[in-house]
Amino acid sequence: GGPAPVEVQLAVIDTAAALRTKEAAQPLFEKFSQTNTPAPVRRAIVQFLAGINAIQTPDAVRMALSNGDPSLRAAALPHLDRLEPATALPVLKPLLQAGTPLSVNQAAYAALAKLGNPDADNLLLDGLQELLNGKLRPELHLDVLSAAEARQASSAPLKAARDQWLSRNTNPDPIANRAAVLKGGDAIRGGLIFKNHPQVQC
C-alpha cells in the first residue's frame, strides 16, 4: 500500500522521540531525504534527530536549510549549532535579510544567540543597529532584543546597543513600554513549547 497517513507517521516519530530510539535515526533520516515526504513529517524528523543527538543531524539541518519550505527551514534553525561555525554563518546570514519569511527571520535571530561566537554576535549587532535606526520590522523587535539579552554578558557592544535602545524606550505607560511584545511571536514555536513543557499548561 501507500505511505501511512501523516498523523500516523507523526505519532511514530513522537514515540521514537519519547523512547529515544537511536535505531530509528537512519531509517527516519532516509525518509527525511525523500523530497516527497510531507513537510510536517520532515519537520518532526529534524526535531527527533537533534533531540537524540543523532550523527545524521548536521546533514538533516543542512538539507532543511537549503529547502524552499520556510517552515522546514525555521524548524532546522534552532539546531544550527550542530554545524561548524564556518559552515553555519554563511547559511544563516541570508536568512536575516528583509524579504525572508517572518518565521525564518525569527528563528535565525534565535539561532544567532545560540551559536554564541564573535561572528554571530556581529550579525546580531547589525540587527540591533537596524532596530536603533528604525529600519527593523516591528515583528522582529522582540526577537532581536531577546537574542541580544542572551548574549550581552559576553559582548560589550551588544550590551551597549541594547542599553541604548532601552534608554530611548522608557515610558511611564506600561503598555507602551512593552509594545515590542505586542508584535511578532511565533505560533509554531509557542505550540511546541506548550506541548513539550507541561509546566506552562494551565
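In this predicted model, the buried residues of helix 8 are covered by elements that include helix 6, helix 7, helix 9 (141–151) and helix 10 (156–168). The residues concerned are Ala120, Asp121, Leu123, Leu124, Leu125, Gly127, Leu128, Leu131 and Leu132, each of which is buried in helix 8. Helix 8 itself runs over residues 118–132, and its 15 residues reach 20 Å from the first C-alpha to the last, a span close to the 21 Å expected at 1.5 Å a residue.

One of the elements that cover helix 8 is helix 7, and the two helices pack at an angle of about 140° with their axes 8 Å apart. Since angles over 145 degrees count as roughly antiparallel and those between 115 and 145 fall among the rest, helix 7 and helix 8 are therefore described as oblique to each other. Helix 7 passes helix 8 in a left-handed crossing, and the residues that meet there are Tyr109, Leu112 and Leu115 from helix 7 and Ala120, Leu123, Leu124 and Gly127 from helix 8.

Helix 7 also packs with helix 6 (residues 85–92), the axes of the two coming within 11 Å and crossing at roughly 160°. This angle lies over the limit of 145 degrees, and helix 6 and helix 7 are therefore roughly antiparallel to each other. The crossing of helix 6 past helix 7 is left-handed, and the contact is made by Ala88, Leu89 and Leu92 on the side of helix 6 and by Ala108, Ala111, Leu112 and Leu115 on the side of helix 7.

When residues up to four places away in sequence are not counted, Leu77 touches Leu65, Leu92, Leu95, Val104, Ala107, Ala108 and Ala111.

Within helix 3, the residues Val41, Arg42, Ala44, Ile45, Val46, Phe48, Leu49 and Ala50 are buried. The buried residues of helix 3 pack against helix 1 (6–19), helix 2 (25–33), helix 4 (57–65) and helix 5 (70–76).

Most residues other than glycine have a negative phi. Asn53, which comes just after helix 3, has a positive phi near 55° although it is a residue other than glycine. Asn53 is found in the loop between helix 3 and helix 4, where it is exposed, with a relative accessible area of 54%. Arg20, likewise not a glycine, has a positive phi of about 50° and lies in the loop between helix 1 and helix 2. The relative accessible area of Arg20 is 48%, and Arg20 is therefore classed as partly exposed, whereas Asn53, at 54%, is classed as exposed, the limit for exposed residues being over 50%.

Notes: Residues numbered from 1 in each chain as written. Predicted model: local features only at pLDDT ≥ 70, side-chain atom pairs only at ≥ 80, totals over all residues. Heavy atoms only, no water. Buried < 20%, exposed > 50% of the residue type's maximum accessible area, 1.4 Å probe, protein only. Helix = DSSP H or I, 4+ residues; strand = E, 2+ residues; numbered from the N terminus. Contact = heavy atoms within 4.5 Å. Axes fitted to C-alpha atoms, helices over the stretch in contact; angles between N-to-C directions. Parallel < 35°, antiparallel > 145°, perpendicular 65-115°, else oblique. Left-handed = near helix turned anticlockwise from the far one by under 90°. Expected span 1.5 Å × (residues − 1).
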